[in-house]
Each structure stands twice: as structure tokens, then as C-alpha cells.
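Please open the structure in your viewer and keep the selection tool at hand.

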Amino acid sequence: MRPGSVFGLTTLGLVSRTSMDDRLGDGPPLWEGEQQFHAFLGYALLTAMAAACAALSLGAVAPYGRYADAKALGISDWGPKVPAQLAWCLQELPSLVVPLVCLVRPGWGPASATNGVLLLCFLAHYANRALVYPLRIRGGAPTPLYVMASAFTFTLVNGYLQAGALGGPWASAVPGDAAFGGGVLLFLAGALGN
């Protein structure tokens, strides 16, 4: 963590951002392999999203929501179903929990105040999606377990990618420029409109 970070753990002496820079002899930093894994996951997610977009543009439908009972991809039964509220909560929860778990690891924490603000926006968004929105669902169609598991996997990876990009030992500071300010204002406007 950097001094003066949003989460303030450095001032409590709990973690140090430099603790991950310790070396074993003359080898690479301990976190270098994790940085490569982080990059791999990012590329894997982009590839999976491209494949999903291609399938959807060819007329495939996901067996979810209004299409929950439709024959999707030639399959009429996608297996066991989970109640909508529970499915929504479980499938969105990793994007809330994973960054919080990452941030208590030694060497992790927002690289700058702007990174901290973006991470807080991300966490607030997923707190709403995982904890508030499911309570507002009334009579939603049950979700196939396969679809819920797919969404769970996506949010698991997404939470780790966001935490690493904004608070990993390799994270770069996000500049506090007009694009940053405009993005935060757009986020706040969307949150108020919701």
C-alpha cells in the first residue's frame, strides 16, 4: 500500500507495498509470475468474449431471462435451475469479494488515490449488483445452473483483473485528468439514476 492510500492500511502498519519486491537472490520479483498470469487471464477473457459475440451474432441465444425456456444452441434442457434471486447474488458476488481478498494481501493496494477511487466505484457497483438488486427481483425466471456457473466464472476473473490492474503490485497510477473526472461523474450519474 502507498502512504495515504484510500484504504489506509500502511499507516496501520499492516501491509507494505514494497514487501512484494523482495527478491530471491538475483531472480525476478516474487509477483512477476502472477503479473504474467494476470495478463494471460485478460487475454483469455477477451478471446472468450469475442467467441460469445460471434455466437450471438450468428443467432444463438443464451438460456437466460426471457430465453430461459427457449431451445438455445440446439439444447432444450440446460439442467437444474436455481431461483433467480439466489442465482443473481451468487453469480455477481465474486466481483465484490475477490478484490477485497486481494487488497489484504501483502503488496496489494491502490497504486494512487485515483486507483482507489476507481476501485471503490467498482466495489460499490458490485455491492449493488450482488446484494441490493437480488432483493429487488420479483418473480424472476429460474436460472439454469450452467448459466449461473458461467456468470460466476466471469465475475471471478473480472474481480481479479480489476483488483490487479488497480491495486496489484504491478499496477500503474491512473492519471487524475479530465477523462478520470468525467468517468467518475458518469458513474455517479448512473448510480443516482438507478
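**A tour of the interior**

Begin by selecting Trp170, which counts as buried because its relative accessibility is 13%, under the 20% limit for that class. Please bear in mind throughout that the model is predicted.

How are the rings of Trp108 and Trp170 placed, edge-to-face or stacked? Their centres are 5.5 Å apart and their planes stand at 80°, so the pair is edge-to-face. The two partners come from distant parts of the chain, 62 residues apart. Trp108 lies in the loop between H3 and helix H4 (113-136), whereas Trp170 lies in the loop between H5 and helix H6 (178-193).

Now extend the selection to Phe37 and Tyr160. Together with Trp108 and Trp170, these residues form one aromatic cluster.

The next selection is the largest nonpolar core. It consists of ten residues: Leu41, Leu45, Val98, Cys102, Trp108, Val157, Tyr160, Leu161, Ala163 and Trp170. Helix H1 (32-57), helix H3 (94-103) and helix H5 (145-167) each contribute at least two residues to this core. Which helix gives the most? That helix is H5, with four residues.

Apart from residues up to four places away in sequence, Ala163 touches Pro99, Cys102, Trp108, Leu119 and Gly168.

Then show H1 and H5 as a pair. Two packed helices are described by the angle and the distance between their axes. The axes of H1 and H5 come within 10 Å and cross at roughly 130°. H1 and H5 are therefore oblique to each other, and their crossing is left-handed. To view the meeting surfaces, select Glu34, Phe37, His38, Leu41, Gly42 and Leu45 on the H1 side. On the H5 side, select Phe154, Val157, Tyr160, Leu161, Gly164 and Ala165, which meet those residues of H1.

Is Gln91 buried or exposed? Gln91 is buried, because its relative accessible area is 4%. With neighbours within four places in sequence left aside, Gln91 is in contact with Tyr64, Thr143, Met148, Ala151, Phe152 and Thr155. Select these residues together with Gln91 to complete the tour.

Technical notes:
Residues are numbered from 1 along each chain as its sequence is written. This is a predicted model: local features need pLDDT of at least 70, side-chain atom pairs count only at pLDDT 80 or more; totals for chains, interfaces and linings use all residues. Side-chain values use heavy atoms; hydrogens and water are left out. A nonpolar core is a set of buried Ala, Val, Leu, Ile, Met, Phe, Trp, Tyr and Cys residues joined through side-chain atoms within 4.5 Å. Buried means under 20% relative accessible area, exposed over 50%, partly exposed in between (1.4 Å probe, protein chains only). Contact means heavy atoms within 4.5 Å. Rings of Phe, Tyr and Trp (its six-membered ring) pair if their centres lie within 6.5 Å; planes under 30 degrees apart count as stacked, over 60 as edge-to-face and the rest as tilted. Axes are lines fitted to C-alpha atoms, for helices over the stretch in contact, and angles run from 0 to 180 degrees between N-to-C directions. Angles under 35 degrees count as roughly parallel, over 145 as roughly antiparallel, 65 to 115 as roughly perpendicular and the rest as oblique. A crossing is left-handed if the near helix is turned anticlockwise from the far one by less than a right angle, and right-handed if clockwise.
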